[in-house]
Amino acid sequence: MQIHDKEIINNIRTVLKFYQALGLERLPLNLSVNKSLSIKTQEIKKQSAVVSSSAEKAAALEELRKELENCQRCRLSRERKNIVIGEGSLDADIMFIGEGPGREEDIQGRPFVGDAGQILTRLIEKMGFKRENVYIGNIVKCRPPMNRDPEEDEIAACLPFVQKQIEIISPKIIISLGRISAHTLTESKIPITKLRGNFSKYGHIPLMPTFHPAYLLRNPKEKWRVWEDAQRVLEKLKEIKQT
């Protein structure tokens, strides 16, 4: 009796997972298969690799979370309610990096959920994504008292974790939100008004500095500049995907 293609694919997937669990990269068999079946096998291997990659990212982020758990590396730990690590897609093309948690973020343990977060969410949606399609984080993971700027030693204490997040997510483009994020990631002291709108680099990753959503709460007329920056990001992303 002839086996349906779907059953063949399921059987191959089961075999591949079994040998992958054994640590083998190739099937220890020399089978003669037709071209169609060979193509299906390659597709399943590709899908398995993606799943494995996502699983590895999830495991790495969990290790990072455990390392940050009950962190006392700087004075920001004294008054925080929650460490706000970040959230979003493990395979995000775009990673947004802000400054630090505010009051609502500190309460909920999630990034950009207050008034500024609503502006960021609208920007993400206007770009054609949902929050769960991108990754959102901050330079520091604990709220600075009274939402003051994080100090240099506080940034230095958190910077290795931000760098690790970028390494794990490996986005195609980073959007830095505000002066603190831009200066930290570009290692520059150029005013944000001059940095924004122009691509820089974080390692090999294109980085677009733009205004922080909290700035737009105070200066709503500047929203068009941020949208202009976002459009440049979308154009760059399209270029990257075409190469």
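A pocket, on a 1 Å grid over the protein atoms alone, is an open set of points where a 1.4 Å probe fits, with protein on both sides within 12 Å along at least five of seven lines; lining residues have an atom within 4 Å of a point.

Before looking, I noted that this is a predicted model, where local features need pLDDT of at least 70, side-chain atom pairs count only at pLDDT 80 or more, and totals for chains, interfaces and linings use all residues. Residues are numbered from 1 along each chain as its sequence is written, and side-chain values use heavy atoms, with hydrogens and water left out.

**Entry 1, the pocket.** I looked up the largest pocket and found 28 residues lining it, with Glu99, Ala116, His212, Ala214 and Arg218 nearest its centre. I sorted the lining into ten nonpolar, nine polar and nine charged residues. Helix 8 (213-218) is among the helices (DSSP runs of H or I, at least four residues) that supply at least two lining residues each. Helix 8 gives the most, four residues.

Which residues does Ile139 touch? Leaving out residues up to four places away in sequence, I listed contacts (heavy atoms within 4.5 Å) including Ile97, Glu99, Val162 and Leu185.

Methods:
Nonpolar A, V, L, I, M, F, W, Y, C, P; charged D, E, K, R; others polar.
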